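Reader: I want to learn how to read salt bridges. Can you take me through an example?

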Amino acid sequence: MVHTPDSNSAAQPSRPRWRSLLAASCLVLGGLSASAAWAEESFGDTTHADDEEEWPLVINGCPIWPYTRCPGADLRHADLVGQNLAGADLRGANLTRADLRAANLSAANLEGADLTAARMNKVNAASTNFRNTRMIGTDLEAGRLMRSDFSGADFTGASLEFARLNHTWFVGAKLVSCNLQEAKFVSVRLDDAVIDRCVTRFTIFPESSFTNCQGCPATDW
């Protein structure tokens, strides 16, 4: 007598195969989850890493990078801490209350810029053009300002405490009610400048020029 398997018995041999496939899928998914967890633990969540900080930084149409060309830019209250703006053209820019702490402004052109109440502690601004800038209430404490040109600048209420000013020009500049404590005016030109009611404790002016300067020391201190 020939035995004919029913439909139930015919389907039974395929069950172990599906179970194997299901088990393999679970292992793969489990491995991916473990890998993702390890990556997040090791490197942090990188899901949106590229979206968190755009490069280059652009503020009101001005790209923040070396040698940028942004004359007249509106950079009021801009966060520029540690930014590299070496060689930048920022003539006439409005940098009122901008945060430029430890920024690099070497060889930049800021002629006529408004830096009122800007924070410029430890700024690196060697050989920079600051002619006719507004530095009212600006904090330049410990700034590296060697060989820069501040001719015609207004420093009313500004702080240049402990600033390095070797070979810097202040021709016709206005320094009124400034904090000049421990500033190093070495080989500086203060011709036609005004120094009035400034704190000059431990300030030195060796080998500096004071022609027609009002309030400058009688000697180079």
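Reader: How many salt bridges does a search of the whole structure find?

Author: First, the general idea. Side chains of opposite charge can pair when their charged atoms come close. Now the case here. This is a predicted model. Searching the whole structure gives 8 salt bridges.

Reader: Which residue forms a salt bridge with Arg 101?

Author: Asp 99 does. The closest N and O atoms of this pair are 2.8 Å apart.

Reader: Is Asp 99 buried or exposed?

Author: Asp 99 counts as buried, because its relative accessibility is 12% and buried means under 20%. Arg 101 is partly exposed, at 30%.

Reader: What does the salt bridge between Arg 134 and Asp 114 tie together?

Author: Start with the distance. The closest N and O atoms of Arg 134 and Asp 114 are 3.7 Å apart. Both residues lie in the loop between strand S2 (62-63) and strand S3 (174-176), so the pair ties together parts that are 20 residues apart in sequence. Asp 114 is buried, with a relative accessible area of 19%. Arg 134 is partly exposed, at 41%.

Reader: Where do I look for the partner of Asp 196?

Author: Look at Arg 197. Their side chains meet in a salt bridge, 2.6 Å from N to O. Arg 197 counts as exposed, at 59% relative accessibility. Asp 196 is partly exposed, at 31%.

Reader: Which residues do salt bridges that share partners join into one network?

Author: Asp 99, Arg 101 and Arg 119.

Note on methods:
Residues are numbered from 1 along each chain as its sequence is written. This is a predicted model: local features need pLDDT of at least 70, side-chain atom pairs count only at pLDDT 80 or more; totals for chains, interfaces and linings use all residues. Side-chain values use heavy atoms; hydrogens and water are left out. A salt bridge is a side-chain nitrogen of Lys or Arg within 4 Å of a carboxyl oxygen of Asp or Glu. Buried means under 20% relative accessible area, exposed over 50%, partly exposed in between (1.4 Å probe, protein chains only). Helices (H or I, at least four residues) and strands (E, at least two) are DSSP runs, numbered from the N terminus.
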